[in-house]
Amino acid sequence: MKTLFKSADEYLKLSSWKDLAFIKFCLFSMGVLMGTYIKRDAKQNVRIAAFFVFLATYIPLMVKYAMVLVKTINDGRKAL
């Protein structure tokens with residue numbers, strides 16, 4: 001398992017934002033495909049679960065991005 005995580009870290013170091021966008025589109029498409037197979041009576045539960053997973057992942061990602069953005073802006077001002 002450690003090898004898998006280490007190789008994933010290395011892959012990310014070699015990737016650009018475009019590569020990560022492709023990964024996100026791929027995962028989104030897979031989710032849509034899986035969603036077409038969910039029975040009607042289970043869809044509400046799946047939507048609720050997906051909403052909480054979205055919140056649990058999106059908020060930390062945006063907080064981290066905001067910190068990087070502020071640092072980038074501040075570094076740019078120091079260069080002036």
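This is a short talk on the fold, the surface and one side-chain contact of a single chain.

First, the ground rules. The model is predicted, so local features need pLDDT of at least 70 and side-chain atom pairs count only at pLDDT 80 or more, while totals for chains, interfaces and linings use all residues. Residues are numbered from 1 along each chain as its sequence is written, and side-chain values use heavy atoms, with hydrogens and water left out.

Now the fold. The chain has three helices and zero strands; here helices (H or I, at least four residues) and strands (E, at least two) are DSSP runs, numbered from the N terminus. The order from the N terminus is α-α-α. Along the principal axes, the C-alpha atoms fill a box of roughly 60 × 30 × 25 Å. The radius of gyration of the chain is 18 Å, whereas a compact globule of 80 residues would have one near 12 Å. That radius is taken over C-alpha atoms, and the globule rule is 2.2 Å times the number of residues to the power 0.38.

How much of the chain is buried? Buried residues make up 1% of the 80. Buried means under 20% relative accessible area, exposed over 50%, and partly exposed in between (1.4 Å probe, protein chains only).

Take helix α2, residues 17–35, where Phe-22 lies. Phe-22 is exposed, at 61% relative accessible area. Its C-alpha atom is 29 Å from that of Lys-39, 17 residues apart along the chain.

Next, helix α3, which covers residues 43–79 and includes Met-67. Met-67 is exposed as well, with a relative accessible area of 55%. Met-67 also belongs to a nonpolar surface patch of about 960 Å², whose other members include Phe-54, Tyr-58 and Ile-73. Such a patch is made of residues with over 30% relative accessible area and no salt bridge; like charges are joined within 9 Å, and nonpolar side chains (Val, Leu, Ile, Met, Phe, Trp, Tyr) within 5 Å. The areas come from the Shrake-Rupley method with a 1.4 Å probe, and for residues only the protein chains shown count as cover.

Last, the contact. The whole structure has one salt bridge, meaning a side-chain nitrogen of Lys or Arg within 4 Å of a carboxyl oxygen of Asp or Glu. Which side chains form the salt bridge? They are Lys-71 and Asp-75, at 2.9 Å from N to O. The two are four residues apart in helix α3, so about one helical turn separates them. Lys-71 counts as exposed at 52% relative accessibility, and Asp-75 as partly exposed at 35%.
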